[in-house]
Each structure stands twice: as C-alpha cells, then as structure tokens.
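Have the model open as you read.

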Amino acid sequence: MKSILIADDNCDVVDILKRRCEKLGLNVVTADNAMDALKLADSVRPEAIILDIHMPQGNGLTVAEMLSNHEQLQSVPVIILTGSSSEEIIKRCHQLCAYYIPKSTDIWRHIEPVLCELLEINEDPMDVPEMPSDQKLSESLAILDRVFAILGVEVNDSPQPAEGSEPVVEQNTPWVLTIEDDEDVAIALKMRLKEVGIIAVHAAEGTAGYRSAFMSAPSAIILDYELPRGNGDYVLRRLKESPVTSSIPVIVLTGRKEPFIERQMRSMGANAFFTKPFQWGRIKQTLEDLLPAGMVH
C-alpha cells in the first residue's frame with residue numbers, strides 16, 4: 001500500500017485530508033510539527049508528502065528544502081498547503097518543484113487529481129470505497145469553513161482571481177483567461193469574446209496568470225509570450241506539468257514572429273499560435289474547435 005505523509009498542526013484539516021486520502025487507498029501518516037515531519041519522512045519513505053507552511057518547530061518550505069537535499073527523499077513529490085497567496089511563497093514552491101495549493105473549502109478538488117496523477121491511483125469508482133454521505137461531507141465542509149475563518153483565509157467556492165486580475169465569473173460559467181500585459185490587446189480580446197458569449201478574465205503577469213489558472217480552471221487560456229514575472233514559455237511549462245491544468249487548451253498570441261518561438265511553444269503543448277496584430281476570425285475558429293460544442297456562439 002502506498003503511503004502519504006500529511007504534516008499540519010491543525011487537527012481538523014489533517015482529519016479531513018486523512019479520511020479523503022484513505023478513500024483513495026493510501027496509508028496515511030501524520031505529523032503536527034516540522035521536526036516530526038522530517039523524522040517520519042526519513043523513516044516511512046512515503047510516496048508523497050503534504051506540508052503546511054506554518055508549523056511548530058519549523059517551516060514547511062524549510063522542510064521541503066531539506067527533503068530536496070536528501071539523497072533518498074529528493075524525488076518524493078511535495079505538496080505545499082497554505083492559506084497565503086504571497087508571490088514569494090509561490091516562487092519558492094516553484095524553485096523547490098513543489099506543488100502550491102491554497103487552502104479553501106474546495107481544496108480536495110485541487111489535491112485529488114495531483115495525487116492520482118503522481119501516485120498512479122485508479123479513479124475507477126468501482127475500485128474506490130464508498131464516499132461519505134452528503135450530510136457527513138457537509139459537516140466536513142462546515143468544519144473547514146470554521147478552520148479557515150480562524151486562519152483568516154477567505155472561503156469561496158467560486159474561482160478566485162490572481163492578484164491584479166479582474167473578478168472571476170461564477171463557477172460552471174464558460175470563461176477564458178487572457179494572460180496579456182498589453183492593456184489594449186486585453187480589452188480587444190474581452191470585447192471579442194463577449195460577442196461570442198464568453199467572459200474574459202485578465203491577468204497582466206505570468207505568475208498571476210498561472211496561479212489563476214491553477215486555482216480556477218478556465219475553459220481556455222490565451223497566452224502572450226513576453227510577460228512580466230514569468231514569460232509565456234515559463235507559464236506554459238508550469239501549466240502542462242501540473243495534472244490540474246495540463247488539459248486546459250492554450251492559444252499563444254504574441255508580437256514575436258521568430259519561427260523558433262512557435263516551434264518551442266507548440267512542442268511544449270500550445271494548441272495554437274498566432275502573431276499580432278491578430279485576426280479575430282482565426283482565433284474564434286480555434287476556440288470553436290477546442291471548446292465543447294455550443295460554447296462559442
């Protein structure tokens with residue numbers, strides 16, 4: 001049986017995550033401080049580790065760094081679980097090749113696909129034990145609401161925008177994330193998308209765009225190449241390496257016309273590549289091909 005280590009000093013969060021992981025058939029070991037997390041990681045050698053950042057006797061990021069320098073543990077995937085959306089913390093997670101997942105009431109929706117992908121877990125419902133009743137699940141979410149209120153984390157089941165982006169539409173509403181630092185282009189895309197019944201959400205920086213996509217799962221992404229705080233190639237690489245965002249269609253739209261850039265972005269997983277000034281008809285047709293039927297009016 002595969003094992004997972006969960007290290008968090010909040011017993012309510014640990015209890016909920018533990019029960020969820022056990023439903024996936026995982027053996028769960030837990031720690032409530034950084035030192036115990038290191039000791040258990042060394043003795044148990046889990047297949048994955050979930051770390052809170054703020055814990056007694058240390059910091060989750062420090063633990064992740066120590067694990068990355070451990071000869072036998074450096075290949076173990078680490079998920080950083082935190083209520084903070086600090087750019088510095090997100091950057092540190094990227095440097096450590098750790099998965100950054102913000103705390104929210106739908107946190108399991110982000111954690112489960114990552115674990116299933118990393119640990120090759122069969123998601124066939126016939127192989128998974130029966131889930132808790134709706135009443136028990138509601139009680140669990142109510143506990144999370146109270147926990148995150150105490151932690152000062154805003155609780156909202158709707159997609160959350162990255163810092164500096166526009167408000168995100170309600171959940172289950174088709175929308176496209178535009179990651180573009182040219183305000184005129186962003187406005188033009190927003191108007192064009194609105195004409196065909198799709199709402200555009202804008203992020204002006206690379207890391208902000210990646211974070212918004214990871215947290216909110218847009219229907220598609222229109223990505224510029226040259227961006228502050230993370231160019232398009234960096235954003236695309238991060239999108240495609242995460243199970244949470246790898247299936248989101250990405251259209252690259254850039255003023256750069258060098259052939260090697262198109263080859264690079266397509267090889268990394270871009271679904272389409274267009275140069276500015278763009279022809280809206282071609283982008284519209286691409287969206288019609290990539291998105292479910294009827295989404296583009």
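Q: Which residues are linked with Glu180 in a network of salt bridges?
A: This is a predicted model, where local features need pLDDT of at least 70, side-chain atom pairs count only at pLDDT 80 or more, and totals for chains, interfaces and linings use all residues. Residues are numbered from 1 along each chain as its sequence is written, and side-chain values use heavy atoms, with hydrogens and water left out. A salt bridge is a side-chain nitrogen of Lys or Arg within 4 Å of a carboxyl oxygen of Asp or Glu. By that rule, the network links Glu180 with Asp224 and Lys276.

Q: How many residues apart are Asp224 and Lys276?
A: Their side chains meet in a salt bridge, 3.6 Å from N to O. Asp224 sits in the loop between strand E10 (220-223) and H9, and Lys276 in the loop between strand E12 (272-275) and helix H11 (280-290). Helices (H or I, at least four residues) and strands (E, at least two) are DSSP runs, numbered from the N terminus. The pair links distant parts of the chain, and the separation is 52 residues.

Q: Are Asp224 and Lys276 buried or exposed?
A: Buried means under 20% relative accessible area, exposed over 50%, and partly exposed in between (1.4 Å probe, protein chains only). Under these cut-offs, both Asp224 and Lys276 are buried.

Q: What is the relative accessible area of Glu226?
A: Glu226 forms a salt bridge with Arg256, with the closest N and O atoms 3.0 Å apart. Arg256 lies in the loop between strand E11 (250-254) and helix H10 (259-267) and Glu226 in the loop between E10 and H9, so the bridge ties together parts 30 residues apart in sequence. Arg256 is partly exposed at 22%. Glu226 is also partly exposed, and its value is 43%.

Q: In which helix do Arg266 and Glu262 lie?
A: Their side chains meet in a salt bridge of 2.9 Å, N to O. The two are four residues apart, about one turn of the helix. Both lie in H10.

Q: What is the angle between helices H8 and H9?
A: Two packed helices are described by the angle between their axes and the distance between the axes. Axes are lines fitted to C-alpha atoms, for helices over the stretch in contact, and angles run from 0 to 180 degrees between N-to-C directions. For H8 (residues 206-216) and H9 (residues 232-241), the axes are 9 Å apart. The angle is about 20 degrees.
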